[in-house]
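Hi,

Here is the structure I promised to pass along.

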Amino acid sequence: GVVRHYDWTISRKTLAPDGVERPMIVVNGAFPGPTIEANWGDWIEVTVTNGLEDEGTSLHWHGLLQTETPWFDGVPGVQQCPIAPGSTFTYRFRADLYGTSWWHSHYSAQYSSGVLGPMIIHGPNHLKETEDYDIDLGPVLLTDWYHRAYFDIVEDVMGTDINSIIAAGSSENNLINGKMNFNCSNTNLPCTEGAGISKFEFTTGKKHRLRLINAGSEGQQKFSIDEHSLTVIARDFVPVEPYTLNMVSLGIGQRLDVIVEATGSSGSSYFMRSTIETNCTRSSQPYALAAVYYPDANQTALPNSTPQPDTRPDCTKPDYPLESTVPIYKITPAETPDLTYEIELSLAQNSSGNWVWFMSGSSFRVNFNEPVLILANKGNTSFPSNWNVYNSGNATNVRVILKNLFTVGHPMHFHGHNMFELASGTGTWDGTITNPENPPRRDTHMIPGSGYYVFQYVADNPGVWPFHCHIAWHVSGGLYVNLMEHPDKIAQNMKIPQIMHQTCRDWAAFSNTT
Ligand code: C2O
């Protein structure tokens, strides 16, 4: 097949996306990073040079299955060692699903400093029937925005005082495609007023496809376009029967492909807006705005339009009520799983008084030097308990019942699979399964606060797959397990390329000198 090749260098740079200068870590000098674009079935090859002097890096291709190349999923300590400063590493993987997604650093919360960008994979043409649109306007990347480097925030959110933890985790701004204004009187940092907002052009009477991506660090986004409605045609990499809403919610890591019918007249303009919401309440964190202009509109003036009313059916279920979500391609999960994990998610203080996240009593800690997949390839099947490895052996249908003992929801992301979303809600699961013949599926699901999320997957992808909260501060805080499937096949059949071992040697050499 076709190979799409990219050459990237990761480096530090001071940038000011919203007018406020801050230290960033970026790919090829820009934020947002480059867009990956491919057709379904193509190979994508990304050569990454780590131009940071003092820290590792590693890139993850969010939502792809990596069935042919489970070692290129990009999670340090799980599938690979970090790419050491000065080293170069080439990822090579198949565009094995299609739709809208993003790529990002999976090294600590490094992506929050800017190492992220969109990924668009075009599907087969016969989808034209369900993807009914005229113009593809491309990615609409939503990122809550911080004026500090990620490392300082990670330290603060794992502190001992709960109020400073909450303050440290809250964003200063919210960007659409890397742009937004900021009121300079609210910062002591070097700041220029009027950085500007992103602009989109609509053509009257046409249907526009927008690819919404929540690539932020903490906030759940509520997105709308004034005086326009949004018809959802895909959630993550899964096409669904279209449904229309005034506004949509996206947890971090989630994507929605929406069609917007351009009902405005020429000369008119409207705001696109995204706000941060927790448990149905708008947070005090800022709005993101962008402008939509029709032909002949004055693009130097800001729109003067009316926000959409919030008529979402049930905001306590941040993912659209599952009962109404029907994947176009029907897959019926096994009625009885071979194996069920019950996992409890909680926040508590560790022995040194720091607040960290626990999954069934164990807060995940990473060991960069010995990736689980490489150890499993050498035949190891037992690991330190705080690596949170769940070995499902040769089970085929695995169910996870996740209970959220915390009051706020979490965007739970699973690598290497789409999850059958069997049930989700507040309180305790009553055993009912949503649309058992064809349940909704996606790779990131918002578990409600004080609630449950039940999912099932087909363990057909030998490898070690993280299942974690996608809030950057929670990933680093241990809200993370690794689901290992078919260890026999990993040990006996998997041919891990030499580059994976070389990368670990380079990393060991770097860590020994620091
Ligand atoms: Cu978007 Cu574990 O990743």
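A quick word on confidence first: pLDDT is the predictor's confidence in each residue, on a scale from 0 to 100. This is a predicted model, in which local features need pLDDT of at least 70 and side-chain atom pairs count only at pLDDT 80 or more, while totals for chains, interfaces and linings use all residues. Residues are numbered from 1 along each chain as its sequence is written. The protein chain averages a pLDDT of 95, and 99% of the residues score at least 70. For the model scores, you have ipTM 0.99 and pTM 0.97.

Two terms before the details. Strands (E, at least two residues) and helices (H or I, at least four) are DSSP runs numbered from the N terminus. A residue is buried if 20 or more other C-beta atoms lie within 10 Å of its own, exposed if 12 or fewer, and partly exposed in between, with C-beta atoms placed from the backbone.

Start with strand E25, residues 410-414. Five of its five residues are buried, so E25 is largely enclosed by the rest of the structure. In a regular strand the side chains alternate between the two faces of the sheet. Here both faces are covered: His410, Met412 and Phe414 are buried on one side, Pro411 and His413 on the other.

E25 also has partners (two strands pair if DSSP finds at least two bridges between them). It runs antiparallel to strand E28 (residues 444-447), joined by four bridges, and Pro411 stands opposite Met446 there. Three bridges link E25 to strand E30 (residues 463-469), again antiparallel, with Met412 partnered by Cys469.

Val464 is buried, with 30 other C-beta atoms within 10 Å. Leaving aside neighbours within four places in sequence, Val464 is in contact (C-beta atoms, placed from the backbone, within 7 Å) with Val78, Gln79, Val372, Leu373, Ala376, Asn482 and Met484. From Val464 to Glu485 you go 21 residues in sequence but 6.5 Å in space, C-alpha to C-alpha.

Finally, strand E21 (residues 339-349). E21 pairs with strand E24 (residues 397-404) in the parallel sense over seven bridges, and Tyr341 has Val400 as its bridge partner. Five bridges join E21 to strand E22 (residues 355-359), and these two run antiparallel, with Ala348 opposite Val356. The hairpin of E21 and E22 has five residues between the strands, and Gly353 takes a positive phi near 90° in that hairpin.

Cheers

How values were computed
Two residues are in contact if their C-beta atoms, placed from the backbone, lie within 7 Å.
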